[in-house]
Amino acid sequence: MITKFTGLARKLPSSIYKLLAQRWIDYEFPRHIFIETTATCNLACSYCPREKIKADMDYELFKSIIDECSCYGPRSFSLHLFGEPLLCPYIIEAIHYIKAKNKRHTILLTTNGTLLNKFAGRLLESGVDRIIWSWRRLNVPFSSETIKVLKRIGMVRILIEETPKEEFEKWSKFPRVEIKHLHNYGGNIDVRDLGYKVEEPSKRYPCYHLWFAPAIRWNGDITICCADPSGVEVVGNYLRGYNLSTYWRSSHLSRLRESHLTSNYIGLCKGCNVWKTYPDVWFGYQKCLKHSQVLV
């Protein structure tokens, strides 16, 4: 899972982490897949650039995606992009389907928390591996059952620029906490307008997503990552015969990987700062053209 992947970077020496991460890369098929089970959301967060769409992924399309992924051994899944996954009418059924295809599949669910009181018990029984509650000020406090479920399989994500000081202090004491800065969603928002005051690292490094985690939008569009709210980098559509294995072996992705390894960022990646959300998995000597041709 992504949370374990990034957590290792904080525990291991950089060189060991990079060696392990590179061994984990699968050039046949992605390790982690973002699937937008619904594009519908019941909030309007100031920093979110998503298209205001109310639509669910067709369940047969969802199953066909999981079927393809399951041909490549255990994978991990995030069942969200820019919608609230608990608004998906078949979300529990979707979790059951993934686990039925392979018990070693892992599932990450990121939610705004507005429906957790309704779903907490069912989610725990469903077999979902991790629930991330991205902190929001809720009109109705969490029930005791919800708190128990969060303590068991949950994590609280705190966005520094959005969380009031008193709430930050309260939830930062939770058993599992992820503290993050806002990112700019592929350059779609100016985070400085939202209180972001952190200087960007002077040296950029290749983004995790191009080697580990593409995304599929609610309508079957395949895009390079989870930070593409308008489908700028859509490379094909599942319903028109283009699938993940095709994309993962494509010349398009090879060119993108090469551009990152040579610090010549193109397309959506050019103005994006999502890359710094994940650790660097490459050694300096690998970030040049002659090595990128081997790596891709």
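## Strands, a helix face, cysteines and rings

In strand β2, S76 is the bridge partner of H32. That pairing is a handy way into this model, which is predicted.

**Around strand β1**

- Strands β1 (residues 32-35) and β2 (residues 76-78) pair in the parallel sense, and three bridges join them.
- Together with helix α3 (residues 59-70), β1 and β2 make a right-handed β-α-β unit.
- β1 also pairs in the parallel sense with strand β7 (residues 215-216), this time over two bridges. Here F34 has A215 of β7 as its bridge partner.
- Which way do the side chains of β1 point? H32 and F34 point one way, I33 and I35 point the other way, and all are buried.

- Helix α6 covers residues 144-153, and its buried residues are T146, V149, L150 and I153. Viewed down the axis of α6, these buried residues fall within an arc of 100°, so they line one face of the helix.
- S144, K148 and R152, on the other side of α6, are exposed.
- What covers the buried residues of α6? The cover includes α5 (116-126), β4 (130-134) and β5 (154-159).

**Cysteines without a partner**

- Searching the whole structure for disulfides gives zero. C269, for instance, is in no disulfide, and its nearest cysteine sulfur, that of C272, is 6.6 Å away.
- For C272, the closest cysteine sulfur is in C225, and at 6.0 Å it is too far for a bond.

**Aromatic rings**

- A pair of aromatic rings is described by the distance of the centres and the angle of the planes.
- The model has 17 aromatic pairs. In one of them, Y59 and F62, the ring centres are 6.0 Å apart and the planes are at 10°, so this pair is stacked.
- Y59 and F62 both belong to helix α3, where they sit three residues apart, about one turn of the helix. Y59 is buried with a relative accessible area of 16%, and F62 is buried with 0%.
- W171 and F174 form a tilted pair, because their centres are 5.7 Å apart and their planes are at 50°. W171 counts as buried at 9% relative accessibility, as does F174 at 10%.
- One aromatic cluster is formed by W24, Y208, F212 and Y278.

Note on methods. Residues are numbered from 1 along each chain as its sequence is written. This is a predicted model: local features need pLDDT of at least 70, side-chain atom pairs count only at pLDDT 80 or more; totals for chains, interfaces and linings use all residues. Side-chain values use heavy atoms; hydrogens and water are left out. Buried means under 20% relative accessible area, exposed over 50%, partly exposed in between (1.4 Å probe, protein chains only). Helices (H or I, at least four residues) and strands (E, at least two) are DSSP runs, numbered from the N terminus. Two strands pair if DSSP finds at least two bridges between them. A crossover is right-handed if, with the strands pointing away from the viewer, the path from the first strand over the helix to the second runs clockwise. The arc is that of the directions from the helix axis to the C-beta atoms. Contact means heavy atoms within 4.5 Å. A disulfide is a pair of cysteine sulfur atoms within 2.5 Å. Rings of Phe, Tyr and Trp (its six-membered ring) pair if their centres lie within 6.5 Å; planes under 30 degrees apart count as stacked, over 60 as edge-to-face and the rest as tilted.
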